[in-house]
Amino acid sequence: MTSHLPGVELHTHLEGSVTPERLIALAEKHGQPALPGSCLNDDGTAYVFDGFMEFLELFHRVTLLVKTPADFHAVALDLGQTLRDDGVGYAEVSLSYGVMLKRGLDPQAIQQVLQEAAHQVFETHGVTLRWLPDAVRQWGLDHAWRAFEEAARAGRQMGVVGFGLGGDEANGPARDFAPLFADVRAEGLGVSIHAGEVPAMGAAAAGDSIRQAVEDCGAQRIGHGIAAAADPLIMALLKARNVFVELCPGSNVCTGALDQLSDHPLQEFLAAGIPCGLNPDDRSLFGLSMQEELRQAREHLELTNEQAEMMNNWGRQAVFDAASRG
Ligand SMILES: [Zn+2]
């Protein structure tokens with residue numbers, strides 16, 4: 001790690017990092033000044049939504065305003081400053097190449113400006129940004145393959161260190177993408193897959209989703225993974241394969257995956273010795289930060305300072321950029 005800032009953030013979405021101020025500016029720029037009114041509270045300082053379906057709708061509306069390479073560049077610079085203020089010195093930032101392709105945007109042009117922003121962020125704030133393009137699972141293997149080809153083309157010279165899978169977990173089983181992720185690994189990129197996030201799909205199916213991500217796709221990291229805690233065999237699998245779980249407790253409450261923070265199985269993962277860390281997920285949309293995640297976990301999940309330090313050290317080992325590991 002080259003930064004003086006200690007925090008490591010491995011699960012954060014660029015599209016979820018659009019600040020309310022940036023949303024207002026983008027809406028003005030693109031001739032939709034009324035749009036923020038349907039996304040933000042009365043004084044324009046925070047996003048508002050009720051439940052997972054409204055969140056998805058909000059996410060969609062926000063992403064539609066991030067249109068040009070200059071827009072992506074501005075959002076990345078904002079994120080760099082936010083991370084600096086949040087004590088995070090290294091972040092791997094997901095961005096949906098799947099959505100870009102669907103919208104007719106050029107991932108290469110966008111990746112180019114994102115990497116320029118990463119250089120600027122490092123110079124200005126001492127924060128290292130690396131990029132984790134992902135595909136949308138419910139759009140199928142062929143679409144995901146196009147997203148991966150773009151990611152491989154951008155490659156490490158553009159700061160791409162891994163490839164992920166997001167979207168609707170109930171409608172895009174990870175096993176369907178096994179051949180794709182064999183290629184991702186052959187390309188030397190890390191594999192991080194959202195799995196075990198949505199209890200509504202049923203405990204057995206959510207657990208199996210994690211198993212598929214690890215066994216069929218070779219995921220070194222799992223996003224969320226909360227369903228694992230209900231199945232000792234899956235916990236044993238994560239431990240045996242040394243899979244890092246990107247925990248996002250605040251997000252899980254915001255989306256309704258958990259009723260309350262105290263339901264999060266953080267201590268079960270720690271007791272099992274499974275490497276894991278805290279992450280704000282969609283930090284601006286949820287109004288979350290790394291410091292707030294830590295504070296809430298101390299208050300509601302009995303996180304100790306020693307455990308918090310151990311999780312951050314695990315995070316340093318789990319980064320996909322080998323040059324930044326350790
Ligand atoms: Zn996520």
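Residues are numbered from 1 along each chain as its sequence is written. Because the model is predicted, local features need pLDDT of at least 70 and side-chain atom pairs count only at pLDDT 80 or more, while totals for chains, interfaces and linings use all residues.

A residue is buried if 20 or more other C-beta atoms lie within 10 Å of its own, exposed if 12 or fewer, and partly exposed in between, with C-beta atoms placed from the backbone. Helices (H or I, at least four residues) and strands (E, at least two) are DSSP runs, numbered from the N terminus. Packing and touching refer to contacts, where the C-beta atoms of two residues, placed from the backbone, lie within 7 Å.

Gly126 follows α5 and has a positive phi, near 70°.

Buried here are Ala144, Ala147, Phe148, Glu150, Ala151 and Ala154. Seen down the axis of α6, these buried residues fall within an arc of 155°, so they line one face of the helix. The face turned away from the buried side of α6 carries the exposed residues Asp142 and Arg153. Covering the buried residues of α6 are, among others, α4 (97–102), α5 (107–125), β3 (128–136), β4 (162–166) and α7 (178–186). Just after α6, Gly155 takes a positive phi of about 65°.

The table sets out the lengths of these helices; the expected span is 1.5 Å times one less than the number of residues.

| Helix | Residues in helix | End-to-end C-alpha distance | Expected span |
|---|---|---|---|
| α5 | 19 residues | 25 Å | 27 Å |

**Strands and core**

Now to the strands. Nine of the nine residues of β2 (residues 88–96) are buried, so this strand is largely enclosed by the rest of the structure. Strand β1 (residues 7–13) pairs with β2 in the parallel sense over five bridges, and two strands count as paired if DSSP finds at least two bridges between them. In that pairing, His13 stands opposite Ser94 in β2. Strands β2 and β3 also run parallel, joined by seven bridges, with Tyr90 opposite Thr128 in β3.

The largest nonpolar core has 96 residues, and those with the most contacts inside it are Ile193, Ala213 and Val245. Such a core is a set of buried Ala, Val, Leu, Ile, Met, Phe, Trp, Tyr and Cys residues joined through C-beta atoms within 7 Å. Helix α3 (residues 69–85) supplies the largest share of this core, six residues. Not counting residues up to four places away in sequence, Ile193 touches Gly164, Leu165, Ala174, Ala213, Cys217, Ala219, Ile222 and Gly223.

**Two loop residues**

Which value does the phi of Asp281 take? It is near 70°, a positive value in a residue other than glycine. Asp281 is found in the loop between β8 (276–278) and α12 (283–286), and it counts as buried, with 27 C-beta neighbours inside 10 Å. Glu302 is not a glycine either, yet has a positive phi of about 55°. Glu302 sits in the loop between α13 (290–300) and α14 (305–318) and is exposed, with 12 other C-beta atoms within 10 Å.

**The chain as a whole**

Stepping back, the protein chain has 14 helices and eight strands. Its C-alpha trace spans about 55 × 40 × 40 Å along the principal axes. With 326 residues, a compact globule would have a radius of gyration near 20 Å, and the protein chain has 18 Å, which agrees; the radius is taken over C-alpha atoms, and the globule rule is 2.2 Å times the number of residues to the power 0.38. Buried residues make up 49% of the 326 residues. Among contacts with a separation of 6 or more, 77% are between residues 24 or more positions apart.

Technical notes
The arc is that of the directions from the helix axis to the C-beta atoms.
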